[in-house]
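This report concerns a structural model and is set out by topic. Please read it alongside the sequence and coordinates shown below.

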Amino acid sequence: MDKSTIKYILKRIAISLVTLFVIVFVLFMILKLMPGTPFNDEKLTETQKAAIYAAYGLDKPVLEQFFIYVSNMLKGDFGISYAIQRNMSVAGLVGPRIGVSFTLGIGATIIGTIIGILLGIVAALNRNTIWDTIATILSVIGVSIPSFVFCLLLLIILGVQWPVLPVLYNSSNPVSSSIIPMIALSMGVIANVARFTRSEMIEVLGSEYIQLAEAKGISRKHLIFHHAIRNCLIPVITVLGPIIVGLMTGSMVIEKICGIPGLGSLLVKAIEVRDYNVILAVSFLYSVMYIVVMLIIDVLYGVIDPRIRLGKGDNS
Amino acid sequence: MKKFLSLACCSVMAFSLAGCSGSGGDSSQTGNFVNLAKENDVISMDSRYATDGMSFEMLAATIEGLETMDADGNIVPALAESYDISEDELTYTFHLRDAVWSNDTPVTAQDFEYAWNATIKNPKAEYAYLFGSDGACIKNADEILAGDDSLNLAVKAVDEKTFEVQLSKKCPYFLSLMTFPVFYPVNEQFATEQGDQYALTPDNLIANGPYKLVSWSKGNKLVLEKNESYWDADNVKVDGINVNIVPEASTSALDFESGNTDFTKLNSTLVDKYKDNDAYTTVLEGYLWYLQYNYDNEYLKNENLRKAISTVIDREDLVENVLKDGSVVCGGFVPEALSTGPDGKDYRESAPEYFNVFAEDGLKAAQEYWDKAKEELGVDSISLSLLYEPSDPSKPAAEFIQSEIQKLDGITVEMVSQEKENRIEKQKAGDFDMVLTRWGPDYADPTTYLNLMLTGNAYNYGNYSNEEYDAKMSEAANASSDEERWQKLQEAEAILMEDVPVVGVFQVGGASLINKNVTGIENHAVGVPYIYKNLNKTN
């Protein structure tokens, strides 16, 4: 890694930190403006409500609450949950779910990318044949049918009709109970990746350097695996970024259907019951992940394609 | 690339192979376990903080209070082997049996004294109000709730096994409240040692009830195992319970079909699919959805208009063809299966059914009331708003009510949809004409509903006031016998149903699937929704 790349990365990190601060501030203010409260029992009297607010420090001026929150956050204390699990530390609540969502998301991305790239290559190499048509049909199905439909279908087939896999997610047996949701989640990835790989591969195969290499007598296998694939991966990586973040942050619907204790379902629940600290922590985590993944992808461009010079490109 | 591909293939295969090794449940678990699917996770295993049904169920499975409920809803002894009531009915003395916590320390009267004072003095404890005159009427509770820190609750551990409670006034349903988790004991020494971590994980918890919590994977699963040190362990038939948290009812129904889940609730969209299944069953829940009229509205002041609206809603059609989830028509302002009278009968069984004319007859009767109302009010057409919350079952019910009321020529119903919290805010502010609202019982007595309509009650959002009704309720409170009290309560309800400030629309039902081999899933309309002590599973 050269100096300009390192400088570029440092600069990006600095910008990210400022962005994160702004995100936390805006989120905090929005949450305070949101109608409702985590203590929404109809039978609570106003006096009791005021006492609860005072006990949790929610009666202080909003700005003061914000600075208390940020200073605690810098010490690694994200507060406690009010409504999802009363008095549990948010870190303790969110922590175990990160692993669950990450494993699922990364698993689905890996499965989806591999199958997607293979499908795309097969389609491109056999353009306008039956294989191309099959691959295209598969991609269209993958894009147009929502993942939860696949999920339910797989649950019925593999969980009930031929019960080889469990229907419910089980945290003490996460491998077998993750397969169905993982496959369901990967369908969208397969479709997207296959489409991009196919069109990019066709373009690369028609380019002059490939024709030159062909003219030089390089074997077709070598040509495809060493020259073509590498170049057609760049746009694939561009689409992968948001897909990875999307999957890692958890697919709310799939999590709900399979009963997976991931981040997506936690966020939805937290918003429903106005559990402020949980909403803040999960949203903060999402922002961090998005920023980090985007940074990694920008750096990866340079690694895959030396023509892209990060530092210089950024300065121009 | 080749390496990458082969690595990927291997990992996919490893996943698939691992998948074949087991389906559902814990392969390491041996013994007779019942598998329940529940929609929500536990919010708090600390009896001082718990306010939701799921937390109540898990607390009741692991901790016992002074009293509990049997399958039929009768109050039966739990940790209190017996009790004495003073002649003026203001002092209850409980005699505790020999029981131990799962850390081998004895359950004592001090555990109750500590827990109760710790709850009422904790501003974060939402159900502390149940100690006051809206609940158990324990002496000094109202003063402490109002902020007087110098007082203690008038409860006393006379000795290790004797617990005395003094009331500020007679409380006929006091024993039924003793089954409520907020009145459970807490072991002071253990709770103090755990500090703010108390009850957050299985390690920070101790049990004195039929089961103990051995694992709790948040948002996914709880595992309960039989508590061998429980005083009545001989009568606990199963080795434990697996509680899977499954937010989506269709998934738990699929798991039920696969044979792994023994009990799951269904939502109304699944009822049609499973209603002919052998395992299908319905239970009644305590919640009553009712329509409340605002007396500050110039039209709704008119009794005939209120009667017209109350009569025109074909509630039978609503529960049978719209809700279809086991909900039932409520014939008054006190739901079924809530309370048993001195005659041994359910309150609703001995009280009359009100507004029980349906279909054509209902429409005809309603039309007559509406004609009278039009004449008295001097109008031909009016417009009223209906406040409701856009969730199940409120939304379909509200839409049904709108279409029913609009069958009366000249009434237009304008729908006002607000999330639950905002609905309550609007009710409190009196900003509604009619509202479809609900109430869950605090204790097994008709007054948990009837008190709501007293003049000036905080939940009497429609500003109803009738001296005759207030007087009747106070006569009931001071009645010399249980029979007289019951009679007065039914008379009070009759006054209410003549004035119709509210009309009960439906009582919530729960449709569920229960494995034929599993017995002892005991459902209650008040307090702890399900008690699992008597679970049994035959193979």
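The structure is a predicted model. Chain A contains 13 helices and zero strands, and its pattern along the sequence is accordingly a run of α elements, α-α-α-α-α-α-α-α-α-α-α-α-α.

Taken along the principal axes, the C-alpha atoms of chain A occupy a box of roughly 85 × 60 × 30 Å. Of the 316 residues in chain A, 38% are buried. When contacts between residues at least 6 apart in sequence are considered within chain A, 73% of them join residues at least 24 apart.

## Helix H4 of chain A and its two partners

Helix H4 (residues 90–125) of chain A packs against helix H12 (residues 276–304) of chain A, where the axes come within 10 Å and cross at roughly 40 degrees. H4(A) and H12(A) are therefore oblique to each other. The crossing of H4(A) with H12(A) is right-handed. On the H4(A) side the contact involves Val90(A), Leu93(A) and Val94(A), which meet Asn277(A), Val278(A), Ala281(A), Val282(A) and Leu285(A) of H12(A). By class, the residues of this contact comprise seven nonpolar, one polar and no charged.

H4(A) also packs with H9(A), at an angle of about 145 degrees and with the axes 7 Å apart. Here too, the crossing is right-handed. From H4(A), the residues Ser101(A), Phe102(A), Gly105(A), Ile106(A), Ala108(A), Thr109(A) and Thr113(A) take part, and they meet Leu240(A), Ile243(A), Ile244(A), Leu247(A) and Met248(A) in H9(A). The contact of H4(A) with H9(A) has eight nonpolar, four polar and no charged residues.

## The contact between chains A and B

Chain A contributes 50 residues to the contact and chain B contributes 41 residues. On the side of chain A that touches chain B, the elements giving two or more residues are helix H2 (46–55), H4, helix H6 (147–161), helix H7 (174–205), helix H9 (220–248), helix H10 (252–258) and helix H11 (263–272) of chain A. That side of chain A is made up of 32 nonpolar, 13 polar and five charged residues.

Ile43(B) provides a local view of the two chains together. This residue lies in the loop between strand S1 (33–38) and helix H2 (53–62) of chain B. Ile43(B) counts as buried because it has 23 C-beta neighbours inside 10 Å. Leaving aside residues up to four places away in sequence, Ile43(B) touches Ile84(A), Gln85(A) and Arg86(A), together with Ala50(B), Asp52(B) and Ser55(B). The C-alpha atoms of Ile43(B) and Met54(B) are separated by 7.7 Å, although the two residues are eleven residues apart along the chain.

## A four-stranded sheet in chain B

In chain B, four strands form an open sheet in the order S4-S5-S7-S6, with antiparallel pairing. Strand S4 (80–85) and strand S6 (155–159) of chain B are the edge strands, each pairing on one side only. From one strand to the next, the twist averages 20 degrees.

Within this part of chain B, strand S5 (residues 91–96) and strand S7 (residues 162–166) pair in the antiparallel sense over five bridges. Tyr92(B) has Val165(B) in S7(B) as its bridge partner. Helix H3 (residues 109–120) of chain B packs on the sheet and touches S5, S6 and S7 of chain B, its direction making about 165 degrees with that of S6(B).

S11(B) pairs with strand S17 (residues 502–514) of chain B in the antiparallel sense over four bridges. In this pairing, Lys265(B) stands opposite Ser512(B) of S17(B).

S17 of chain B also belongs to the cover of H9(B): the buried residues of that helix are covered by elements including strand S12 (280–293), helix H12 (359–377), helix H13 (394–405) and S17 of chain B. Because eight of the ten residues of helix H9 (residues 303–312) of chain B are buried, this helix is largely enclosed by the rest of the structure. The buried residues in H9(B) are Leu305(B), Arg306(B), Lys307(B), Ala308(B), Ile309(B), Ser310(B), Thr311(B) and Val312(B).

Technical notes:
Residues are numbered from 1 along each chain as its sequence is written. Chains are lettered from A and ligands numbered from 1 in the order in which they are written. This is a predicted model: local features need pLDDT of at least 70, side-chain atom pairs count only at pLDDT 80 or more; totals for chains, interfaces and linings use all residues. Axes are lines fitted to C-alpha atoms, for helices over the stretch in contact, and angles run from 0 to 180 degrees between N-to-C directions. Angles under 35 degrees count as roughly parallel, over 145 as roughly antiparallel, 65 to 115 as roughly perpendicular and the rest as oblique. A crossing is left-handed if the near helix is turned anticlockwise from the far one by less than a right angle, and right-handed if clockwise. Two residues are in contact if their C-beta atoms, placed from the backbone, lie within 7 Å. Ala, Val, Leu, Ile, Met, Phe, Trp, Tyr, Cys and Pro count as nonpolar, Asp, Glu, Lys and Arg as charged, and the others, Gly among them, as polar. Two strands pair if DSSP finds at least two bridges between them. A residue is buried if 20 or more other C-beta atoms lie within 10 Å of its own, exposed if 12 or fewer, and partly exposed in between; C-beta atoms are placed from the backbone.
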